[in-house]
Amino acid sequence: MEAKHDVLVVGAGCAGMRAAIEAHDAGADVALISKIHPVRSHSGAAEGGINAALGNASEDSPEAHAFDTVKGSDYLGDQDAIEILCDEAPGDVYQLEHWGAVFSRTDDGRIAQRPFGAAGEPRTAYAADITGHVLVQVLYEQVMKRDLTVYEEWFAWRLVEEGGRCQGVICWDLLNGGLKTIGAKTTILATGGAGRLYTGTTNAYSCTGDGMALALRVGVPLKDMEMMQFHPTTLAPSGVLITEGCRGEGAYLLNSDNERFLKDYAPNAMELASRDVISRAEQTEIDQGRGVEGNVLLDLRHLGAEKILERLHGTRELSMTFAGVDPIDEPIPVRPGAHYHMGGVDTDVWGRTELEGLYAAGECACVSVHGANRLGGNALMETITYGKRAGAHAADWALTHTTVTVPASAESDAARELKELLARREGERPWSIRDELAETMHVNFGVFRREDQMLRQGEIVAELRSRYENVVVDDKGDVFNTDLTQALELGFLLELADSMVVSGLARRESRGAHARPYDYPDRDDENFMKHTIVRSVDGQPALEWRPVTMTKWQPQERKY
Ligand SMILES: Cc1cc2nc3c(=O)[nH]c(=O)nc-3n(C[C@H](O)[C@H](O)[C@H](O)COP(=O)(O)OP(=O)(O)OC[C@H]3O[C@@H](n4cnc5c(N)ncnc54)[C@H](O)[C@@H]3O)c2cc1C
């Protein structure tokens with residue numbers, strides 16, 4: 001064993017860093033592992049903002065925030081977890097501000113808040129359109145200030161399960177090569193999302209669902225895996241995100257007839273309806289021939305140059321760089337793209353999983369506050385509030401338990417498996433399987449889902465998994481062997497795709513991101529107001545169901 005800590009956090013985005021800070025401040029010896037430098041974590045790409053009922057731009061309350069979130073989730077979110085999020089959010093945002101987060105301001109100096117989709121009040125606090133970048137820098141400063149150990153550019157590949165507990169992580173050291181094992185009394189997974197399951201995605205190359213797959217492999221279940229959110233405004237053709245903040249500031253969505261088509265889908269909220277509603281509306285317009293070269297248009301021109309330059313500067317830069325379009329003069333071509341996984345590692349409201357000593361927080365976890373559809377601005381808030389809670393509980397547990405045992409067989413088994421993979425000289429290259437997976441997921445498990453396509457996708461994933469058995473890594477070297485790590489990530493992605501398809505087929509209704517207009521067009525609360533739970537049995541996904549936790553809000557028809 002290389003080293004031992006009380007609390008080991010896998011992932012150094014907003015969730016991981018917030019968890020580590022909290023665990024340290026509770027008195028634990030804490031370390032972070034990250035496969036990329038912490039400030040390159042994908043949280044840094046978040047643009048639009050973070051939701052908390054500060055009440056700065058209007059009357060607002062945590063209860064109103066909670067109701068919007070419950071309704072937005074299409075009544076699949078657990079209401080106890082949502083209430084905790086919304087109650088703790090204002091204090092957690094002020095904490096970030098006191099650590100130095102430079103939020104944009106109202107004229108009288110308070111934190112400014114912009115309207116976001118499906119929010120009854122303007123409650124999204126923001127730092128222009130680089131909110132995630134600001135939060136990552138601030139959290140990293142706090143990590144540095146506390147002098148926490150960071151295993152930077154280490155790739156977590158195996159969890160160590162011993163005596164019914166998670167007792168550490170086996171990693172591949174990217175810079176120097178070789179397997180290294182870190183023992184820990186508690187381990188927190190904070191590895192982010194899995195958008196790379198799809199070709200058109202806003203997610204970075206690092207978003208390969210590693211933590212979800214690591215949990216699955218030690219028998220911990222995943223929840224609501226069918227719920228992949230498609231964001232309505234991703235830039236064509238790259239998939240780069242154009243923030244919902246644009247619509248918050250008043251941008252219009254237009255079809256080829258120059259019409260604000262949302263009048264036919266969400267006549268009250270229009271461009272500020274929830275993401276699932278707008279993505280379906282766009283896809284319908286495109287499918288029915290009212291798109292513009294496979295896109296719709298996001299029009300900011302009427303906002304004027306001054307507002308665009310002040311509040312949406314990053315958006316303008318992205319549009320100009322990646323689409324050659326200056327939004328001051330021209331509308332931006334956009335379409336739905338895979339953006340956020342509402343599903344993930346099944347946890348309770350302290351981030352605990354079924355396996356003692358193992359926690360999860362942030363996008364890789366499903367507590368579940370987003371249910372079937374996440375509201376913009378709630379993901380960053382979840383990373384902070386639930387990162388903090390997981391850190392607190394993991395520290396408390398670690399400080400009241402003493403031993404860490406990593407059996408020699410855990411390390412030798414991992415070493416043997418890796419050696420076998422690297423020794424293989426012939427076989428299929430990972431990228432061809434990866435491309436096929438991403439392209440077929442897009443076609444067969446996208447904005448709209450059909451039974452025959454999902455069944456076909458199940459067969460495709462099974463075939464890809466069998467081809468993966470024969471995958472070959474050409475680079476046999478030790479230093480930055482990304483050929484190796486991409487092969488390992490592909491193994492993670494394939495297992496997750498399987499879980500998604502099994503869950504999607506079982507959910508015979510339309511709810512939030514899971515839209516089946518051709519066979520089950522309606523939400524079916526009687527039979528399906530429950531979570532899908534998938535665990536791995538002999539390497540294959542096995543499905544169970546779990547009731548949704550309700551506190552105050554009975555399901556209603558969801559209209560915007
Ligand atoms: C373009 C974009 C814009 C967004 N804008 C907003 C917004 O405005 N508001 C909002 O609320 N939400 C937004 N979201 C969603 C939100 O940003 C993310 O859900 C959130 O930041 C995820 O944070 P995280 O800490 O869970 O994961 P990440 O920030 O993705 O961090 C994951 C960490 O895990 C590490 N890791 C992963 N696998 C391994 C491994 N095998 N070994 C070691 N380390 C590993 C990575 O190195 C990284 O440090 C946006 C998302 C995208 C893609």
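Modeller: M228, Q229, F230, D276, S279, R280, N373, V447, A513 and A515 line the largest cavity. The model is a predicted one.

Colleague: What makes these residues lining residues of the largest cavity?

Modeller: A lining residue has an atom within 4 Å of a cavity point. M228 and D276 are among the residues that line the largest cavity, so each has such an atom.

Colleague: Why is it called a cavity, and what is its volume?

Modeller: In a cavity a 1.4 Å probe fits but cannot get out. The volume of the largest cavity is about 70 Å³. The search of the whole structure finds two cavities of 30 Å³ or more.

Colleague: Which elements each supply at least two residues of that lining?

Modeller: Strand 11 (228-235) and helix 7 (275-287) do. By class, the lining has five nonpolar, three polar and two charged residues.

Colleague: Why is strand 11 called largely enclosed by the rest of the structure?

Modeller: Buried means under 20% relative accessible area. Eight of the eight residues of strand 11 are buried, so the strand is largely enclosed by the rest of the structure.

Colleague: How do you know that strand 11 pairs with strand 14?

Modeller: Pairing needs at least two bridges. Six bridges join strand 11 to strand 14 (residues 332-341), so the two strands pair. They run antiparallel. M228 has H341 of strand 14 as its bridge partner.

Colleague: What lines the second largest cavity?

Modeller: M342, A365, C366, V367, S368, V369, H370, G371 and E382 do. That cavity holds about 30 Å³ of space. Its lining has five nonpolar, three polar and one charged residues.

Definitions and conventions. Residues are numbered from 1 along each chain as its sequence is written. This is a predicted model: local features need pLDDT of at least 70, side-chain atom pairs count only at pLDDT 80 or more; totals for chains, interfaces and linings use all residues. Side-chain values use heavy atoms; hydrogens and water are left out. On a 1 Å grid over the protein atoms alone, a cavity is a set of points where a 1.4 Å probe fits but cannot get out, and a pocket is an open set with protein on both sides within 12 Å along at least five of seven lines; lining residues have an atom within 4 Å of a point. Grid points are joined across faces, edges and corners, and a volume is the space filled by probe spheres set on the points. Helices (H or I, at least four residues) and strands (E, at least two) are DSSP runs, numbered from the N terminus. Ala, Val, Leu, Ile, Met, Phe, Trp, Tyr, Cys and Pro count as nonpolar, Asp, Glu, Lys and Arg as charged, and the others, Gly among them, as polar. Buried means under 20% relative accessible area, exposed over 50%, partly exposed in between (1.4 Å probe, protein chains only).
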